[in-house]
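Visitor: Please show me the model, and then take me through how its parts pack.

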2 protein chains.
Amino acid sequence: MEVGIVGLGLIGGSLALDLRALGYRVWGISRRVSTCRQALERGAIDAYFDWGVNLPQNTDLVVICTPIEQIIPSLAALVDYLPSTTIVTDVGSVKTPIVARGEKLWPNFIGSHPMAGNNNTGISSAVPGLFRGRPCAVVGKGDGISERVRDLWRSVGMEVYFCDAQDHDRAVAWISHLPVMISAALNLACGEESMAEVRALGQKLASSGFADTSRVGGGNPELGRMMAQMNRSALLHTLDHYQAVLTKIRQQIEREDWNNLEITLSLAQKLRGNYCPTPSS
Amino acid sequence: MEVGIVGLGLIGGSLALDLRALGYRVWGISRRVSTCRQALERGAIDAYFDWGVNLPQNTDLVVICTPIEQIIPSLAALVDYLPSTTIVTDVGSVKTPIVARGEKLWPNFIGSHPMAGNNNTGISSAVPGLFRGRPCAVVGKGDGISERVRDLWRSVGMEVYFCDAQDHDRAVAWISHLPVMISAALNLACGEESMAEVRALGQKLASSGFADTSRVGGGNPELGRMMAQMNRSALLHTLDHYQAVLTKIRQQIEREDWNNLEITLSLAQKLRGNYCPTPSS
């Protein structure tokens with residue numbers, strides 16, 4: 001199989017490494033030729049191309065792994081140079097606007113969202129096995145070309161779930177975009193402590209609990225902005241619920257309503273079990 | 001050295017394992033004799049005792065690792081049976097009320113707060129090396145007996161910081177107690193999604209980002225309640241700042257003020273670097 005990867009950062013680079021290890025031929029495109037050279041040196045790709053020029057006409061599948069705002073422009077730049085049988089997918093964390101525009105530009109476009117990553121960026125942070133055991137959403141019903149896209153993600157070890165774009169965006173508002181905003185607010189709030197010695201002590205004592213809760217809020221600001229911009233109404237909906245819940249917790253503490261606070265925290269513990277079956281994971 | 005551990009859960013059991021591995025003699029006390037037997041079988045302790053009866057009179061140091069509300073009652077139950085030279089410390093996550101009462105009961109009482117743990121509980125979850133590389137606060141100035149307590153925590157690999165109790169409580173409100181409440185609110189808010197298929201999809205797609213952000217809010221509800229109860233005013237202070245910051249973020253999203261949102265998220269990323277020097281940790 002011949003696969004093209006457009007955008008060779010953490011996601012694109014890691015996917016390229018895994019696909020080549022599986023024996024696929026992989027070509028790459030990146031805005032910067034230095035990134036392409038690095039990907040070639042790391043053994044992530046077999047070849048690289050300039051936009052659209054001389055793309056291999058036996059390409060089965062192209063995965064667009066650029067920053068989210070570049071997905072549709074990248075697809076638009078490719079359509080004149082790909083054989084019409086090529087399936088194109090992406091990795092954007094919002095699906096409704098991308099799928100709507102992607103399908104118009106390319107009938108064989110299928111939206112994907114692999115839920116993998118960390119706070120690193122760039123080809124130098126690409127690692128094998130990034131996707132293994134992680135969930136992936138594919139916009140489709142599991143028939144036709146969406147099956148081929150599912151098989152690609154399965155081949156790198158992902159659990160694939162088919163869904164429609166609107167359900168996807170509403171679901172990820174809860175489990176991905178809301179966490180980014182509440183975690184960013186934690187980092188910002190800690191900066192508001194007025195006593196320098198208390199700030200310094202907090203910085204020394206911060207341990208795994210703080211690191212985990214603050215991690216996604218310390219990620220790429222441009223990505224956070226694009227998530228909010230492209231999934232604005234779903235995100236606002238989750239923020240409203242979140243603020244109401246936090247106000248209720250604050251009131252229980254303010255009123256010293258300790259029994260109800262414990263009931264509230266027990267419910268939080270129970271609900272988390274629906275998302276994360278093992279407590280420490 | 002002869003060390004007593006009161007409370008043989010995750011913290012007490014793990015500490016006992018590490019201290020015995022260092023060659024110390026370790027005795028234990030637990031509410032349940034079955035826990036004591038399990039600790040003995042796991043090699044965490046050399047012996048166990050009933051409350052106060054026949055405690056070894058050569059005991060150098062006692063570490064009270066019970067749930068926070070049991071620390072002072074445990075100390076009160078021990079004072080008639082310990083030699084006056086014994087140093088007593090604890091592991092409670094709030095220090096002002098504990099140190100004030102502990103010092104009255106026992107002149108050689110020094111408050112500690114090792115920042116280690118996970119969402120597991122009980123002797124069966126005790127592991128060697130739980131404390132290694134983690135920070136620990138010790139209430140004191142690093143002179144007299146507080147040095148001996150520092151040396152104990154250093155021996156199991158902790159970075160020890162001396163502080164006063166009030167600064168400690170204000171600092172941990174930011175980096176430990178506030179994260180518990182905002183993380184619990186995330187778990188609770190996700191439960192409010194009204195569409196069952198969106199909830200189900202969110203549960204399938206939740207990955208490491210959600211798991212990290214929701215983890216401390218899915219911890220022991222009784223511990224969360226006690227943190228809030230014992231550090232109420234500092235926690236309310238942090239919650240007020242937090243809610244104001246989150247409201248500002250929400251307004252930027254509502255008003256589609258994307259440039260300022262990106263500036264806000266960049267500041268969050270920068271501030272996190274003060275607490276967690278490596279982005280992915």
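Guide: This is a predicted model. The buried residues of α7(A) pack against β8 (135-139), β9 (159-163), α6 (165-190) and α11 (258-275) of chain B.

Visitor: Which are the buried residues of helix α7 of chain A?

Guide: Helix α7 of chain A spans residues 196-205. Buried here means under 20% relative accessible area. The residues of α7(A) that qualify are A:Val198, A:Leu201, A:Gly202 and A:Leu205.

Visitor: What rotation superposes chain B on chain A?

Guide: The shift along the axis is 0.0 Å and the RMSD is 0.0 Å. The relation is therefore that of a two-fold axis. The same surface serves both copies, as 100% of the contact residues of chain B recur in chain A. The rotation is 180 degrees.

Visitor: Which are the edge strands of the open sheet in chain B?

Guide: Six strands of chain B form the open sheet, with parallel pairing, in the order β3-β2-β1-β4-β5-β6. An edge strand pairs on one side only, and in chain B this holds for β3 (47-48) and β6 (109-110).

Visitor: Which residue is the bridge partner of B:Ile5 in β2(B)?

Guide: Strands β1 (residues 2-6) and β2 (residues 25-29) of chain B run parallel and are joined by five bridges. In β2(B), the partner of B:Ile5 is B:Gly28.

Visitor: What angle does the direction of helix α3 of chain B make with that of β4(B)?

Guide: Helix α3 (residues 71-78) of chain B packs on the sheet and touches β1, β2, β4 (61-64), β5 (87-90) and β6 of chain B. With the direction of β4(B), its direction makes about 145 degrees.

Technical notes:
Residues are numbered from 1 along each chain as its sequence is written. Chains are lettered from A and ligands numbered from 1 in the order in which they are written. This is a predicted model: local features need pLDDT of at least 70, side-chain atom pairs count only at pLDDT 80 or more; totals for chains, interfaces and linings use all residues. Side-chain values use heavy atoms; hydrogens and water are left out. Copies are superposed by least squares on the C-alpha atoms of residues with pLDDT of at least 70 in both. Contact means heavy atoms within 4.5 Å. Two strands pair if DSSP finds at least two bridges between them. Helices (H or I, at least four residues) and strands (E, at least two) are DSSP runs, numbered from the N terminus. Axes are lines fitted to C-alpha atoms, for helices over the stretch in contact, and angles run from 0 to 180 degrees between N-to-C directions. Buried means under 20% relative accessible area, exposed over 50%, partly exposed in between (1.4 Å probe, protein chains only).
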